[in-house]
Amino acid sequence: MQSRKKAIGNAVFLFAVFALTVYGVFHGEDMGAMMQAIRQVDIRFLVPGVCFVLFFIWGESIIIWYMMRSFRIYLKKRVCFLFSSVGFFFSCITPSATGGQPMQIYYMKKERIPIPVATVILMVVTITYKLVLVVIGIGILLFGQGFLHRYLEEILPVYYVGLLLNVFCVSFMTVLVFHPVLAQKIVLTGMDWLERLHLLKKKQARRERFVASMDVYRETAAYLKEHKRVIAVVIAVTFVQRLALFAVTWMVYLAFRLEGTPVLDLVLLQGVISVSVDMLPLPGGMGISETLFLKIFKTVFAAVTLPAMVLSRGLSYYSQLLVSALFTVVAQLYYTVREKNQTVPQRE
């Protein structure tokens with residue numbers, strides 16, 4: 001009952017954010033002119049954009065497949081693709097992408113993958129996923145001052161906050177992994193402080209759950225120390241994976257037959273949006289992503305900024321949502337049928 005209420009609450013929140021996004025973006029705009037501009041694009045460039053989205057989902061499945069092998073768990077790549085699709089689907093529809101990993105663990109259990117192994121793998125995926133954003137964000141900050149002032153003057157505060165949150169998240173997770181005793185002491189001290197201020201109810205069960213969860217971080221630290229080459233490969237694949245998704249906007253730029261802006265600028269600008277919204281408690285950064293696109297790409301797309309946003313966001317987020325939803329249904333049907341066949345008594 002509790003999980004059903006949570007699912008309903010997430011669905012209501014998702015549709016509310018979507019409705020507000022649609023209203024905020026399109027209110028007062030000339031929809032006819034926007035559709036006319038979209039109809040005139042060269043669709044040949046949008047096909048590679050969809051391929052980039054598929055590569056983005058496939059990239060995580062390859063990471064999962066590769067890391068599973070380091071645990072001597074040998075799965076088919078198509079099964080890992082189902083795990084990846086499930087993760088992206090539930091991340092897209094839940095605030096702060098909190099629903100992805102629990103559902104991935106749920107389906108991994110159906111392959112008899114131990115929960116500690118699944119958790120460590122997904123922890124490494126999360127750390128490297130955010131690490132790539134932090135590297136891109138800090139790289140722009142240190143080496144791209146001209147880039148910042150040319151494109152991002154209007155949204156610099158949002159960018160700085162997003163980057164700071166990502167740096168904090170990666171730093172905190174790193175402390176949890178490599179200094180679990182220190183991290184445990186810091187968090188328990190923080191709980192004591194919040195309880196004394198009556199901002200948090202005193203619950204022994206909460207403390208016990210947290211202490212138990214620290215085992216995951218110890219196991220992750222051990223894995224990272226023992227599999228440095230694996231981690232290097234995972235980071236490299238994650239970089240390519242994320243850049244492929246950012247390059248969707250480049251395909252949209254070419255579809256409008258525009259020229260003059262370097263491909264690197266287009267990819268990095270889309271990366272800036274991801275850095276800015278990744279830690280916000282909105283499904284897929286919905287609402288803020290569209291707003292940031294309209295602000296920072298207006299010098300790039302000029303008169304077709306709104307239709308460009310519709311196509312770019314439609315490909316990078318909504319097509320990702322649809323593709324991952326389709327394969328989530330496939331995953332559910334696959335395991336339902338398999339379990340049913342396993343329980344059918346064999347005839348002599």
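**Figure 1. Overview of the predicted chain.** Of the 348 residues of the protein chain, 48% count as buried, and the model shown here and in the views that follow is a predicted one. The secondary structure of the chain comes to 16 helices and zero strands. Among contacts between residues at least 6 apart in sequence, 76% join residues at least 24 apart.

**Figure 2. The nonpolar cores and the surroundings of phenylalanine 297.** In soluble globular proteins, nonpolar side chains tend to be buried together. The largest nonpolar core of this model has 51 residues, and those with the most contacts inside it are Leu152, Phe256, Phe297 and Phe301. Helix 13 gives the most to this core, contributing seven residues. A second, separate core of 46 residues includes Phe89, Phe90, Leu224 and Val230. When residues up to four places away in sequence are not counted, phenylalanine 297 touches Thr249, Leu266, Leu269, Gln270, Ile273, Ala302 and Thr305.

Figure 3. Phenylalanine 45 lies in the loop between helix 2 (31-39) and helix 3, and because its relative accessibility is 29%, it counts as partly exposed. With neighbours within four places in sequence left aside, phenylalanine 45 is in contact with Met251, Leu254 and Ala255. Phenylalanine 45 and phenylalanine 256 are 211 residues apart in sequence, yet their C-alpha atoms are 9.0 Å apart in space; phenylalanine 256 is among the residues with the most contacts inside the largest nonpolar core.

**Figure 4. Serine 312 in helix 16.** Serine 312 is found in helix 16 (residues 305-343), where its relative accessibility of 2% means that it counts as buried. Leaving aside neighbours within four places in sequence, the contacts of serine 312 are with Val248, Thr249, Val252, Gln270 and Phe293. Of these residues, Thr249 and Gln270 are also touched by phenylalanine 297.

**Figure 5. Packing of helix 5 against helix 6.** Two packed helices are described by the angle between their axes and the distance between the axes. Helix 5 (residues 100-109) and helix 6 (residues 115-143) pack at an angle of about 145°, with their axes 10 Å apart, and helix 5 passes helix 6 in a right-handed crossing. On the side of helix 5 the contact is made by Gln101, Gln104, Ile105, Met108 and Lys109, and on the side of helix 6 by Ile115, Ala118, Thr119, Leu122 and Thr126. By class, this contact has five nonpolar, four polar and one charged residues.

**Figure 6. Helix 11 and its buried residues.** The buried residues of helix 11 are Val230, Ile231, Val234, Thr238, Gln241, Arg242, Ala244, Leu245 and Phe246. An α-helix has 3.6 residues a turn, so residues three or four places apart point the same way.

**Figure 7. Two loop arginines with positive phi.** Most residues other than glycine have a negative phi. Arginine 72, in the loop between helix 3 (46-70) and helix 4 (77-93), has a positive phi near 60°, and because its relative accessibility is 67%, arginine 72 counts as exposed. Arginine 257, in the loop between helix 12 (248-255) and helix 13 (263-277), has a positive phi of about 60°, and its relative accessibility of 55% means that arginine 257 counts as exposed.

Key
Residues are numbered from 1 along each chain as its sequence is written. This is a predicted model: local features need pLDDT of at least 70, side-chain atom pairs count only at pLDDT 80 or more; totals for chains, interfaces and linings use all residues. Side-chain values use heavy atoms; hydrogens and water are left out. Buried means under 20% relative accessible area, exposed over 50%, partly exposed in between (1.4 Å probe, protein chains only). Helices (H or I, at least four residues) and strands (E, at least two) are DSSP runs, numbered from the N terminus. A nonpolar core is a set of buried Ala, Val, Leu, Ile, Met, Phe, Trp, Tyr and Cys residues joined through side-chain atoms within 4.5 Å. Contact means heavy atoms within 4.5 Å. Axes are lines fitted to C-alpha atoms, for helices over the stretch in contact, and angles run from 0 to 180 degrees between N-to-C directions. A crossing is left-handed if the near helix is turned anticlockwise from the far one by less than a right angle, and right-handed if clockwise. Ala, Val, Leu, Ile, Met, Phe, Trp, Tyr, Cys and Pro count as nonpolar, Asp, Glu, Lys and Arg as charged, and the others, Gly among them, as polar.
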